[in-house]
Amino acid sequence: MPWVLWVPAVAGFGLILLPVLGMVLRADLVRLPELVTSDAALSALRLSLETAAWATALCLLLGGPLAAVLARSRSSLVRLARPVVLLPLVLPPVVGGLALLYTLGRAGLAGRLLELWFGVTVPFTTAAVVLAQTFVSLPFLVVSLEGALRTAGERYEEVAATLGAAPFTVFRRVTLPLVLPGLGSGLVLAFARALGEFGATVSFAGSLAGTTRTLPLLVYQEREVDTDGAIALSLVLVVVAVLVIAVARPRAAEGLR
């Protein structure tokens, strides 16, 4: 490893680590257990974990096939669709939340039809939280899985097909094992992104205690009235995120055994 790379590498690591250390030093350690075990904190944490899990499942259900199409299709229309799929990566989350609101809200075309036909109202519900988290998390899974599919190539799939394997058998026995590490990595990133989502959630789902107030929204609310409480809850998010990445990412990198 060239020594010249160590200086910017250490600087980059410090840029991430030092703000977290600053927050730890600022935390009121005496009140910390009380602040993180309050009813509001536990309710928000539970809601965050549940909605992030549902959002990750939706990312897998929708993003898996989408990544496969983007990686394997040679259609010019698919190539034009790729920037749209990646749009949530660069779009401000609050803009994404507004887009969801004006699509699925009562004034939106889809939202109006849902209310007229099924009596379903999506905004400001727990389902809205899941959809907002899915919107911002989906590209993370798609990018990871598409990259894994492109890296794996098609030669093993072609060999299996020439030996008489059906398309679904090729996918299940050849493609899936090859891309499993990339899929696991994408799922971890999607879950972590969903867990920390704020902008799209507050725009589309609001901040209703027990229904849509996830932990990031509670942190923002506490910041206005109790700085110590906001810092304590922020540390909870940091710890949960670190645990998710530290525990799941190595398994994702190695693939499921």
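Colleague: Which side chain meets D228 in a salt bridge?

Modeller: In this predicted model, the partner's nitrogen lies 2.9 Å from an oxygen of the D228 side chain. The cut-off for a salt bridge is 4 Å. The residue that pairs with D228 is R26.

Colleague: How many residues apart in sequence are the parts that D228 and R26 tie together?

Modeller: D228 belongs to helix α13 (residues 227-254), whereas R26 belongs to helix α1. The pair therefore ties together parts separated in sequence by 202 residues.

Colleague: How far apart are the end C-alpha atoms of α1, and what span should its 21 residues have?

Modeller: Helix α1 covers residues 6-26. At 1.5 Å a residue, its 21 residues should span 30 Å. The distance between the end C-alpha atoms agrees with that, at 29 Å.

Colleague: At which residue does α1 bend, and which proline follows?

Modeller: The bend is about 30 degrees and sits at L15. Within four residues of L15 comes the proline, P19.

Colleague: Are α3 and α8 oblique or parallel to each other?

Modeller: Helix α3 (residues 39-72) packs with helix α8 (residues 126-152) at about 40 degrees, and their axes are 6 Å apart. Angles under 35 degrees would count as roughly parallel. The two helices, α3 and α8, are therefore oblique.

Colleague: How many nonpolar residues does the contact of α3 with α8 have?

Modeller: The crossing of α3 past α8 is right-handed. The contact includes 7 polar and 3 charged residues. Its nonpolar residues number 20.

Colleague: How many helices and strands does the protein chain have?

Modeller: From the N terminus on, the elements of the chain run α-α-α-α-α-α-α-α-α-α-α-α-α. The count is 0 strands and 13 helices.

Conventions. Residues numbered from 1 in each chain as written. Predicted model: local features only at pLDDT ≥ 70, side-chain atom pairs only at ≥ 80, totals over all residues. Heavy atoms only, no water. Axes fitted to C-alpha atoms, helices over the stretch in contact; angles between N-to-C directions. Parallel < 35°, antiparallel > 145°, perpendicular 65-115°, else oblique. Left-handed = near helix turned anticlockwise from the far one by under 90°. Nonpolar A, V, L, I, M, F, W, Y, C, P; charged D, E, K, R; others polar. Expected span 1.5 Å × (residues − 1). Bend = angle between axes of the 7 residues up to and from the residue.
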